[in-house]
Amino acid sequence: MDVDTEPPATRDIASRIVTPGTLITSDPAYMRGHGTFVENTAIYSSVAGAVERINKLVSVRPLKQRYGGEIGDIIVGRITEVAAKRWRVDVNSRQDGVLLLSSINLPGGIQRRKSESDELQMRSFFAEGDLVFAEVQSYFADGAL
(Lines give C-alpha, C1' and ligand atoms only; values in the text may rest on other atoms or scores of the structure.)
Protein backbone atom coordinates (compact mmCIF):
# COMPACT_ATOMS: atom_id res chain seq x y z
CA MET A 1 0.00 0.00 0.00
CA ASP A 2 2.06 2.92 -1.19
CA VAL A 3 0.93 6.13 0.49
CA ASP A 4 1.73 8.24 -2.54
CA THR A 5 0.19 6.02 -5.24
CA GLU A 6 -3.13 4.91 -3.73
CA PRO A 7 -6.24 6.41 -5.38
CA PRO A 8 -8.17 9.10 -3.45
CA ALA A 9 -11.27 6.87 -3.14
CA THR A 10 -9.37 4.33 -1.00
CA ARG A 11 -7.80 6.81 1.41
CA ASP A 12 -10.44 6.30 4.13
CA ILE A 13 -9.38 5.08 7.59
CA ALA A 14 -10.24 1.40 6.94
CA SER A 15 -7.76 1.13 4.08
CA ARG A 16 -5.03 2.80 6.14
CA ILE A 17 -4.86 0.15 8.88
CA VAL A 18 -1.57 -1.76 8.75
CA THR A 19 0.05 -4.65 10.61
CA PRO A 20 3.72 -4.94 11.64
CA GLY A 21 5.96 -5.47 8.64
CA THR A 22 3.55 -3.98 6.09
CA LEU A 23 5.18 -1.86 3.36
CA ILE A 24 3.92 1.70 3.71
CA THR A 25 5.93 3.35 0.93
CA SER A 26 9.04 2.74 -1.11
CA ASP A 27 9.43 6.39 -2.12
CA PRO A 28 12.71 7.71 -0.62
CA ALA A 29 11.26 11.23 -0.42
CA TYR A 30 9.24 10.29 2.69
CA MET A 31 10.65 10.45 6.24
CA ARG A 32 9.84 7.77 8.78
CA GLY A 33 8.01 8.68 11.98
CA HIS A 34 6.88 6.82 15.09
CA GLY A 35 5.74 3.25 14.56
CA THR A 36 7.83 2.71 11.42
CA PHE A 37 11.25 1.44 10.37
CA VAL A 38 13.36 1.72 7.21
CA GLU A 39 14.79 -1.23 5.30
CA ASN A 40 16.45 -0.76 1.90
CA THR A 41 15.00 2.80 1.57
CA ALA A 42 11.42 1.48 2.03
CA ILE A 43 9.32 2.42 5.06
CA TYR A 44 7.55 -0.42 6.92
CA SER A 45 5.13 -0.47 9.84
CA SER A 46 6.53 -1.66 13.17
CA VAL A 47 3.15 -1.68 14.98
CA ALA A 48 -0.46 -2.46 14.12
CA GLY A 49 -2.28 0.81 13.62
CA ALA A 50 -3.48 3.61 11.38
CA VAL A 51 -1.11 5.28 8.92
CA GLU A 52 -0.83 9.04 9.37
CA ARG A 53 0.91 11.30 6.89
CA ILE A 54 1.83 14.91 7.64
CA ASN A 55 3.48 16.40 4.56
CA LYS A 56 6.42 14.00 3.97
CA LEU A 57 6.44 12.46 7.47
CA VAL A 58 4.80 9.02 7.67
CA SER A 59 3.96 7.47 11.05
CA VAL A 60 1.70 4.74 12.41
CA ARG A 61 -0.58 5.49 15.36
CA PRO A 62 -1.03 2.26 17.37
CA LEU A 63 -4.54 0.84 17.66
CA LYS A 64 -4.01 -0.10 21.30
CA GLN A 65 -1.85 1.77 23.78
CA ARG A 66 -1.71 2.55 27.50
CA TYR A 67 -3.48 5.56 28.99
CA GLY A 68 -1.28 8.65 28.84
CA GLY A 69 -3.17 11.04 31.10
CA GLU A 70 -3.79 14.74 30.68
CA ILE A 71 -4.18 17.45 33.28
CA GLY A 72 -7.87 17.78 34.09
CA ASP A 73 -8.77 14.14 33.31
CA ILE A 74 -11.07 12.42 35.78
CA ILE A 75 -9.64 8.97 36.55
CA VAL A 76 -10.49 5.91 38.61
CA GLY A 77 -7.62 4.04 40.21
CA ARG A 78 -6.82 1.43 42.84
CA ILE A 79 -4.53 2.13 45.81
CA THR A 80 -1.52 -0.21 45.58
CA GLU A 81 0.79 1.19 48.25
CA VAL A 82 0.67 3.51 51.25
CA ALA A 83 3.91 5.46 51.69
CA ALA A 84 5.06 8.55 53.60
CA LYS A 85 2.48 11.32 52.94
CA ARG A 86 1.32 9.66 49.70
CA TRP A 87 -0.55 6.76 48.15
CA ARG A 88 0.56 4.97 44.99
CA VAL A 89 -2.42 4.49 42.64
CA ASP A 90 -2.69 2.04 39.73
CA VAL A 91 -4.49 3.96 36.96
CA ASN A 92 -3.71 1.46 34.16
CA SER A 93 -1.18 3.89 32.73
CA ARG A 94 2.46 3.70 31.74
CA GLN A 95 3.30 4.66 35.31
CA ASP A 96 1.41 4.63 38.58
CA GLY A 97 -0.28 7.76 39.84
CA VAL A 98 0.58 9.42 43.14
CA LEU A 99 -2.04 10.83 45.51
CA LEU A 100 -0.52 13.17 48.06
CA LEU A 101 -1.93 13.47 51.58
CA SER A 102 -2.05 17.24 51.10
CA SER A 103 -4.33 16.78 48.05
CA ILE A 104 -7.24 15.03 49.76
CA ASN A 105 -10.22 16.40 51.64
CA LEU A 106 -10.36 15.06 55.18
CA PRO A 107 -13.50 13.25 56.37
CA GLY A 108 -16.22 15.70 57.39
CA GLY A 109 -14.97 18.34 54.93
CA ILE A 110 -12.57 19.81 57.46
CA GLN A 111 -10.31 22.49 55.96
CA ARG A 112 -7.01 22.50 57.83
CA ARG A 113 -3.33 21.78 57.38
CA LYS A 114 -2.46 18.07 57.42
CA SER A 115 -0.55 17.07 60.56
CA GLU A 116 1.57 14.15 61.74
CA SER A 117 -1.52 12.53 63.24
CA ASP A 118 -3.12 12.57 59.76
CA GLU A 119 0.01 10.90 58.37
CA LEU A 120 -0.29 8.16 61.01
CA GLN A 121 -3.97 7.63 60.12
CA MET A 122 -3.46 7.43 56.34
CA ARG A 123 -4.67 3.81 56.17
CA SER A 124 -7.96 4.89 57.73
CA PHE A 125 -8.49 7.27 54.79
CA PHE A 126 -7.39 4.91 51.99
CA ALA A 127 -5.93 1.39 52.29
CA GLU A 128 -4.45 -0.96 49.70
CA GLY A 129 -7.16 -2.16 47.31
CA ASP A 130 -9.47 0.86 47.74
CA LEU A 131 -10.82 2.54 44.61
CA VAL A 132 -10.37 6.29 44.24
CA PHE A 133 -11.97 8.78 41.89
CA ALA A 134 -9.70 11.77 41.26
CA GLU A 135 -8.73 14.56 38.88
CA VAL A 136 -5.22 14.72 37.38
CA GLN A 137 -3.67 17.90 38.79
CA SER A 138 -0.09 17.69 37.51
CA TYR A 139 2.75 15.50 36.24
CA PHE A 140 5.93 14.58 38.02
CA ALA A 141 9.25 14.95 36.19
CA ASP A 142 9.33 11.18 35.47
CA GLY A 143 5.86 11.27 33.86
CA ALA A 144 3.87 9.90 36.81
CA LEU A 145 0.40 11.42 37.33
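Select β8 (74-83) and β11 (131-135): these strands pair in the antiparallel sense over 5 bridges. Strands are DSSP E runs of at least two residues, numbered from the N terminus, and two strands pair if DSSP finds at least two bridges between them. Within this pairing, display Ile75, whose bridge partner in β11 is Ala134.

The model is predicted: local features need pLDDT of at least 70, side-chain atom pairs count only at pLDDT 80 or more, and totals for chains, interfaces and linings use all residues. Residues are numbered from 1 along each chain as its sequence is written, and side-chain values use heavy atoms, with hydrogens and water left out.

Ala83 stands opposite Arg86 of β9. The two strands form a hairpin with 2 residues between them, and Lys85 in the turn has a positive phi of about 60 degrees.

Leaving aside neighbours within four places in sequence, Val89 is in contact (heavy atoms within 4.5 Å) with Gly77, Arg78, Ile79, Thr80, Asp96, Gly97, Leu99 and Val132.

Now turn to the open sheet of 4 strands, ordered β1-β6-β7-β3 with mixed pairing. Its edge strands, β1 (17-18) and β3 (31-32), each pair on one side only. β3 and β7 (residues 57-62) pair in the parallel sense over 2 bridges, and Arg32 stands opposite Val58 in β7.

Finally, select Val98, Leu99, Ala134, Glu135 and Gln137, which lie nearest the centre of the largest pocket among its 21 lining residues. The lining divides into 15 nonpolar, 5 polar and 1 charged, with Gly counted as polar. β8, β10 (97-100) and β11 each supply at least two of the lining residues. A pocket is an open set of points on a 1 Å grid over the protein atoms alone where a 1.4 Å probe fits, with protein on both sides within 12 Å along at least five of seven lines; lining residues have an atom within 4 Å of a point. The volume of the largest pocket is about 430 Å³, taken as the space filled by probe spheres set on the points.
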